[in-house]
Amino acid sequence: MIVAERKPFDEIKTALAGCRKVFILGCDTCVSVCMAGGKKEVGLLASQLRMSFKKDGKDIQIDEDTVERQCNREYMELVLSRLQDYDLVVSMACGAGVQLLADLSEPLQILPGVNTRFIGMTPQDGTWEERCRACGNCILGETGGICPVTVCAKGILNGPCGGTDHGKCEVDKDKDCAWTLIYHRLEKMGKLDNIRKDFPPRNHLVQCHPAKQVHEVYKGE
Amino acid sequence: MAVSFKDVLRSGEFVVTAEVGPPKGTDISEMKSHISLLKDKVHALNMTDNQSSVMRLSSLVGCHIIKEMGGVPILQMTGRDRNRLALQSDLLSASVLGIDTVLCLTGDHITLGDHKEAKPVHDLESLQILKAVRVLASGVDLGGNPLKGTPQFCAGAVVTPEADPIEPQLMKFEKKVWAGAEFFQTQAVFDLETFKRFMAYAEKFDVKILAGIVLLTSARMATYMNQHVAGIYVPDNLVSEMASAPKGGALQKGIEIAGRMIRKIKEEGIAHGVHIMAIGKETVVPDILQAAGL
């Protein structure tokens, strides 16, 4: 899933200066799971802003709602008509959701309420780890299900660098060395020979930005 | 001593290389004085490439100056700051300047240096740079396009003989050998028994191994490296020996230890040579060589 973290309160509040009516729009998919921009976080931010503006003696109307998925047109169409009278909409979705909102509600002013960080998973409650760089050429089958492109700070494909130290990474002693993890995993799988394979330089063409994908069935429409 | 490094490797002589770092800035006087001091005392001089991810004068220009001054340069090239176009372009440029030896490195991570917010490139890693050197030598670039004039290099790589765990490190070492590495300059070694175990394995391959010798300048430096530098382990007895040096005599003690290790490596035929890294203390390299009886 996409992992995001909420922007600092002061940054959001400062950006709302001059507004009379603000709408905070949450997204109940990824950013909800990582506790950054779901229904709960939208409610919390809205309350914080109301209290803070009230304290400042400012009369700013803050309304809120959360849609199932801001990156999906059909869910967004359910809410668009309600946004027209607002000076600004704070989108609590990932960068993709923010952009679909901006496209569909043009020329409404938009403010991202979160910083989108990575594609990750949840090893334990409240913790998210980056595990995929969306590189477009998955080699997890060769590396024991541990991604060197993501987990190795240098994205090395052919074994550990000299910065590995007792299974930790030179960048941060709290981070595991991807290639030590891969080595131990492949050893258990009886697939150590995979490390001996020659992995050529990555093909960045498959990741050329902005990437686009059209399903076979929809081609030619 | 301006014999090509490839010839030195072939000669069977005990090979000695040292390291020179380019300046941060355009004042090259100190770098030139180090080159001048060392160029005839060692077989070749490595020029570091934004070492420790700290921005400096380029290794390519540094190597050109070594060459101009009559020394034998080893061009260090990391994949941290340049993509495959820039790396290949620099290799062509090096060849045109008569620089014919290259050490292929992945490079320290950018967050360890002085431009922590910069974009780390890592388009090619050490092994892939080695292979790029060989591809260029075959007359085409990495895109398969023919070259007009082909660069030929003596290519080297690095290995960490005291890495823990060692197995994945050795697997990568083998891949570098297959990719065409002709020599290895190792991470600093202090425990010669561990190093001998590595050499027992490495000797099976037709490559020259130069043991990395880092000059200890204080007991505190040794302890710091043990705690903070990956792959370097200074044994307790050497830390104590450094600590036992009289006040103001730590550098002399470090020179003595480095000299003693080099002498032992040479006399016992433990490795094919040594690579001396006197980080910031290049002026004492001749003293180390003298202590080693070289």
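# Close-up views of a two-chain predicted model

Figure 1. Among contacts in chain B between residues at least 6 apart in sequence, 77% join residues at least 24 apart. Please keep in mind as you look around that this is a predicted model. Chain B is built with eleven helices and eight strands. Its radius of gyration is 18 Å, close to the 19 Å that the globule rule gives for 294 residues, so chain B is as compact as a globular protein of that length. Of the 294 residues of chain B, 50% count as buried.

Figure 2. Why is chain A described as more spread out than a compact globule? Its radius of gyration is 22 Å, and this is well over the 17 Å that the globule rule gives for 221 residues, so chain A is more spread out than a compact globule. The C-alpha trace of chain A spans about 65 × 50 × 25 Å along its principal axes. In chain A, 33% of the 221 residues count as buried. For contacts in chain A between residues at least 6 apart in sequence, the share joining residues at least 24 apart is 57%.

**Figure 3. The two domains of chain A.** The domain assignment places domain 1 of chain A at 2–118 and domain 2 at 133–207. Taken over C-alpha atoms, the centres of these two domains are separated by 37 Å.

**Figure 4. A glycine in a loop of chain A.** Find G136(A) in the loop between strand 7 (127–132) and helix 6 (148–151) of chain A. How many other C-beta atoms lie within 10 Å of G136(A)? There are 14, so this residue is partly exposed. G136(A) touches V206(A) and Q207(A), leaving aside residues up to four places away in sequence. Although G136(A) and Q207(A) are 71 residues apart along the chain, 5.9 Å separates their C-alpha atoms.

**Figure 5. Where the chains meet.** The contact takes 23 residues from chain A and 27 residues from chain B. On the side of chain B that touches chain A, helix 5 (126–137) and helix 6 (167–178) each supply at least two residues. Which helix of chain B gives the most to this side? That is helix 6, with six residues. By type, the residues on this side of chain B are ten nonpolar, nine polar and eight charged.

**Figure 6. Nonpolar cores.** The largest nonpolar core has 86 residues, and L45(B), C104(B) and I288(B) are among those with the most contacts inside it. Helix 10 (residues 250–267) of chain B contributes the largest share of this core, seven residues. Zoom in on C104(B): among the residues it touches, not counting those up to four places away in sequence, are M77(B), I129(B) and A157(B). A second, separate core has 28 residues, including V3(A), L49(A), M76(A) and A93(A).

**Figure 7. Two helices crossing in chain B.** The axes of helix 9 (residues 236–243) and helix 10 of chain B cross at roughly 140° and come within 9 Å. Helix 9 brings L238(B), E241(B) and M242(B) to the contact, while helix 10 brings A250(B), K253(B), G254(B) and I257(B). Sorted by type, these residues are four nonpolar, one polar and two charged.

Definitions and conventions: Residues are numbered from 1 along each chain as its sequence is written. Chains are lettered from A and ligands numbered from 1 in the order in which they are written. This is a predicted model: local features need pLDDT of at least 70, side-chain atom pairs count only at pLDDT 80 or more; totals for chains, interfaces and linings use all residues. Two residues are in contact if their C-beta atoms, placed from the backbone, lie within 7 Å. Helices (H or I, at least four residues) and strands (E, at least two) are DSSP runs, numbered from the N terminus. Ala, Val, Leu, Ile, Met, Phe, Trp, Tyr, Cys and Pro count as nonpolar, Asp, Glu, Lys and Arg as charged, and the others, Gly among them, as polar. Domain bounds come from an automatic or database domain assignment. The radius of gyration is taken over C-alpha atoms; the globule rule is 2.2 Å times the number of residues to the power 0.38. A residue is buried if 20 or more other C-beta atoms lie within 10 Å of its own, exposed if 12 or fewer, and partly exposed in between; C-beta atoms are placed from the backbone. A nonpolar core is a set of buried Ala, Val, Leu, Ile, Met, Phe, Trp, Tyr and Cys residues joined through C-beta atoms within 7 Å. Axes are lines fitted to C-alpha atoms, for helices over the stretch in contact, and angles run from 0 to 180 degrees between N-to-C directions.
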